Amino acid sequence: MERQKSIMERQKSMESGLLRKSLSIRERKHPNEDGYLETGLSSKRHKEVKKHHNEDGECCVTTSVCLITFIVVTGSFCVGCGTGYSSVAQHGIVSDLSLSVAEYSMFGSIMTLGGLIGAVFSGKISDVLGRKRTMFLCEAFCATGWLCIALAKDALWLDCGRFLLGIGVGIFSYVIPVYIAEIAPKHVRGSFVFANQLMQNFGLSLFFIIGNFISWRFLSIVGMVPCVLHVVCLFFIPESPRWLAKFGRDKECRASLQQLRGHDVDISQEANSIKDTMDFSQQSGETGFVELFQRRYVFPLIIGVGLMLLQQLSGSAGVIYYASSLYERGGFPSAIGTSVMATIMVPKAMIGTIIVDKMGRRTLLMASCAGMGLFALLLSVSYSLQIFTFLYILLDMSPCVATSF
């Protein structure tokens, strides 16, 4: 009986949401004076409001949304700086602190462990603290981590700093795309979310270039600069409207949405839509972890986990973390190699930002997977040929070595 009652309540809430949506569509097609007085707009003002929407009724991209997105993805820039640090700083850290290969390998990889821990708790932290305060917390971890690395006297301090940096990066990797997706208009959401990856590549490229000219301690101080700037800029952005609506803070939700869409735009329809969505999700209740293993969720679960594994096991992180040593072992100058990588990454990310909404996620994913597989194969073949060449030279010189004895 209780289950039937809950199902009936869900159906009623869905019907009320559809009714409200149909009424808003009717108002948009056949506006009258009274309907717009309720939202605080006159019919004359409505003509001005329509200029801020495209032909499909979608909200146009405002300067406010672009500026706020740029502020938020500064955190992604910090992520890129942390990712590229271990490659360019390897020679200086090993020589100054006399680290072994195993000790430096621990330093390079412990960021992934910190990122794993940060990612596990990122969703809960973001829901409890809010998107904005979660980004403050991330910068606290990142700034502390950079400070530990800059003042490090041994491997322990290096590992602690890198671990804290990884926690901040792990939480950032969740909260930044979520925040951008919640503030961006639907028709450009893919491009705006992809700006996260673009700024990561900017930070990575910057460290790959300047790391060839400055010491590893000063480079870690440079990594703190965007963290401090990000903290200052976060005071001027609004909280996510969807997070505010989720906790029943409707007045703040509307104020945040008005700041994002512009002061001359009627945001009542979008605000009501967000409120209906949040109310329905709360009435549906939270899904338990065990329920994910039902038969109807098998296919989406395999796709989701498979994409995450593909990203982590593709080998791209290993190449980025140890790019300098890979170039040196290949007999190529590491400074030139890392600089070439830096110049390629930014245009690549810019192209992805432009075409992601035109080509679609699936097509872009398939093309990138094919490219990663091909170039990973070429990389492995090149190192294999290098080993075979070394063995051939060694065998060719063996008669001369034998006669010398």
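This presentation describes a predicted model of one protein chain, from its overall makeup down to single residues.

Local features are described where pLDDT is at least 70, side-chain atom pairs count only at pLDDT 80 or more, and totals for chains, interfaces and linings use all residues. Residues are numbered from 1 along each chain as its sequence is written, and side-chain values use heavy atoms, with hydrogens and water left out.

I begin with the chain as a whole. The protein chain has 19 helices and 0 strands; these are DSSP runs numbered from the N terminus, with helices being H or I of at least four residues and strands E of at least two. Of its 405 residues, 36% are buried. Here buried means under 20% relative accessible area, exposed means over 50%, and partly exposed lies in between, with a 1.4 Å probe and protein chains only. The accessible surface comes to about 23,800 Å², and carbon and sulfur atoms hold 67% of that surface. Among contacts with a separation of 6 or more, 76% are between residues 24 or more positions apart, a contact being heavy atoms within 4.5 Å.

I turn now to charged pairs. The structure holds 5 salt bridges, each defined as a side-chain nitrogen of Lys or Arg within 4 Å of a carboxyl oxygen of Asp or Glu. Arg131 takes part in a bridge with Asp127, with the closest N and O atoms 3.2 Å apart. Arg131 also pairs with Glu182, at 2.8 Å from N to O. Because Glu182 lies in helix H9 (residues 155-183) and Arg131 in helix H8, this second pair ties together parts that are 51 residues apart in sequence. How accessible are these partners? Arg131 is buried at 6%, and Glu182 is buried at 15%, whereas Asp127 is partly exposed at 23%. A further bridge joins Arg249 and Glu252 at 2.7 Å, N to O. Both of its ends are partly exposed, Arg249 at 32% and Glu252 at 40%. Through shared partners, salt bridges link Asp127, Arg131, Glu182 and Lys246 into one network.

Gly130 sits in the loop between helix H7 (101-129) and helix H8 (131-150), and is buried, with a relative accessible area of 0%. Not counting residues up to four places away in sequence, Gly130 touches Ile125, Glu239 and Trp243. Its C-alpha atom is 9.2 Å from that of Val175, which is 45 residues away along the chain.

Thr83, in helix H5 (residues 74-88), reaches the backbone oxygen of Val79 at 2.8 Å. Ser205, in helix H10 (residues 189-210), has a polar side-chain atom 2.8 Å from the backbone oxygen of Asn201. Thr83 is buried at 17%, and Ser205 is buried at 5%. Beyond neighbours within four places in sequence, Thr83 contacts Met111, Arg162, Leu204, Ile320 and Tyr321, while Ser205 contacts Ala342, Met345 and Val346.

What of the cysteines? The count is 0 disulfides, where a disulfide requires two cysteine sulfur atoms within 2.5 Å. The sulfur of Cys142 finds its closest cysteine sulfur in Cys227, at 5.1 Å, and is therefore too far for a bond. For Cys160 the closest is in Cys148, at 6.7 Å, which is also too far. Cys142 is buried at 1%, whereas Cys160 is partly exposed at 38%.

Finally, the surface. Phe299, Ile303, Leu307, Leu310, Leu365 and Met372 make a nonpolar patch of about 510 Å². Helix H15 (298-313) and helix H19 (361-404) are the elements that give two or more residues to this patch, and H15 supplies the largest share, with 4 residues. Patches are made of residues with over 30% relative accessible area and no salt bridge, like charges being joined within 9 Å and nonpolar side chains (Val, Leu, Ile, Met, Phe, Trp, Tyr) within 5 Å. Met372, in helix H19, is partly exposed at 34%.

One backbone detail remains. Ser98, in the loop between helix H6 (90-97) and H7, has a phi near 55°, a positive value in a residue other than glycine. Ser98 is exposed, at 60% relative accessible area.

Notes: A polar contact is a pair of N or O atoms within 3.5 Å; within protein, one must be able to donate a hydrogen and the other to accept it, and residues adjacent in sequence count only if both atoms are side-chain atoms. Accessible areas come from the Shrake-Rupley method with a 1.4 Å probe; for residues, only the protein chains shown count as cover.
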